[in-house]
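I am opening my notebook on this structure. Each entry below notes what I looked up and what I found.

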Amino acid sequence: MFYRCKILNVNFPSSMSLGTFVKHLPFSKPKTSLPPQRLNFKSLTTTTTCVTRSSSYFETLNSRQKDQIHLYVDALLQWNQKMNLTAVNEVNEVMERHIEDSLAIIPPIQNSYISSCNNSFDNLRIVDVGSGAGLPGLVLAVACPGWEVTLVESMNKRCLFLEHAVSLIGLSNVQVVRERAEKLGQDSNFRERFDVAVARAVAEMKVLAEYCLPLVRVGGLFVAAKGHNPQDEVKSAERATKLMGASVLQLCSVESHSPHGQRTAIICLKNRPTPRKYPRDPGTPTKEPL
């Protein structure tokens with residue numbers, strides 16, 4: 001089934017969070033029948049594709065959230081002068097390529113979570129694996145203050161920046177954890193504790209599956225932000241995704257300011273517990289991908 005999700009650029013009361021706002025956005029099916037877009041391998045022929053469009057997700061934020069984002073962007077560019085946080089070094093570029101891209105995955109998460117997980121969208125436990133400069137996790141925490149967001153990053157200097165940014169912005173719904181994803185996946189305090197795991201610009205899909213899915217509860221989602229044409233990568237990751245106890249639910253195309261003008265949110269549903277032997281030792285998923 002092919003459907004479109006309309007995101008309208010409108011103003012709403014400053015007291016309303018983006019999570020509450022998005023929940024009330026109209027998601028409508030097209031009036032004319034469109035042929036299904038299918039991937040070229042049998043096991044994923046039931047995967048649906050959605051298209052999300054918006055002129056600016058940032059403009060849907062309230063004034064306080066916009067101020068928080070601007071504080072974050074300023075800190076990012078200042079710290080980027082002394083450490084490698086992003087290749088982008090202009091405010092407008094950060095806003096277009098990082099902030100808008102991060103906000104763009106909220107509607108796909110919302111739509112998939114409500115339809116497949118049969119639960120409330122307002123209070124989710126999110127883990128951002130390989131958070132780096134806080135993209136997308138820190139931006140999601142600003143936009144959806146009801147979410148509890150854990151930023152997982154293995155590099156100490158990046159964690160120092162994340163802790164600084166969280167304090168500067170004044171976020172009370174964010175936890176920064178300096179650790180390898182493989183170790184957290186075997187830690188009972190983190191294993192299968194999250195409703196949604198997200199990852200952006202971290203690794204290829206079959207590696208990400210082993211990093212992220214052990215952290216997701218049964219019935220939760222794993223969302224990987226990828227490029228405009230990820231079908232081959234999804235196919236390559238099919239075995240790893242199944243071994244982790246999940247299946248690909250849908251590929252959701254979102255408008256982006258990337259060179260191709262589009263990115264894809266690959267959304268996986270956790271169907272059963274991940275076998276205890278996964279994730280494997282740190283470094284193994286990258287050296288010996290499933």
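**Salt-bridge network**

I looked at charged pairs and found that Asp101, Arg200 and Arg263 are linked in a network of salt bridges. I count a salt bridge when a side-chain nitrogen of Lys or Arg is within 4 Å of a carboxyl oxygen of Asp or Glu. This is a predicted model: local features need pLDDT of at least 70, side-chain atom pairs count only at pLDDT 80 or more, and totals for chains, interfaces and linings use all residues. Residues are numbered from 1 along each chain as its sequence is written, and side-chain values use heavy atoms, with hydrogens and water left out.

I took the Arg200 link to Asp101, where the closest N and O atoms are 3.6 Å apart. Arg200 sits in strand 6 (residues 194-200) and Asp101 in helix 3 (residues 91-103), so this pair ties together parts 99 residues apart in sequence. My helices (H or I, at least four residues) and strands (E, at least two) are DSSP runs, numbered from the N terminus.

I then took Arg263 with Asp101, whose closest N and O atoms are 3.4 Å apart. Arg263 belongs to strand 9 (residues 262-270) and Asp101 to helix 3, so the pair ties together parts that are 162 residues apart in sequence.

Are these residues buried or exposed? Both Arg200 and Asp101 are buried. I use buried for under 20% relative accessible area, exposed for over 50%, and partly exposed in between (1.4 Å probe, protein chains only). Asp101 has 7% relative accessibility. Arg263 counts as buried too, at 18%.

**Another pair**

I searched the whole structure and got 11 salt bridges. One of them joins the side chains of Glu182 and Arg180, at 2.9 Å from N to O. Glu182 is buried at 2% relative accessibility, whereas Arg180 is partly exposed at 33%.

**Strands and helices**

I checked strand 4 (residues 148-153) and strand 5 (residues 174-178), which run parallel and are joined by five bridges. Strands pair if DSSP finds at least two bridges between them. Leu151 has Val176 of strand 5 as its bridge partner. From strand 4 the chain passes through helix 6 (residues 156-169) to strand 5, in a right-handed β-α-β crossover. Right-handed here means a clockwise path from the first strand over the helix to the second, with the strands pointing away from the viewer.
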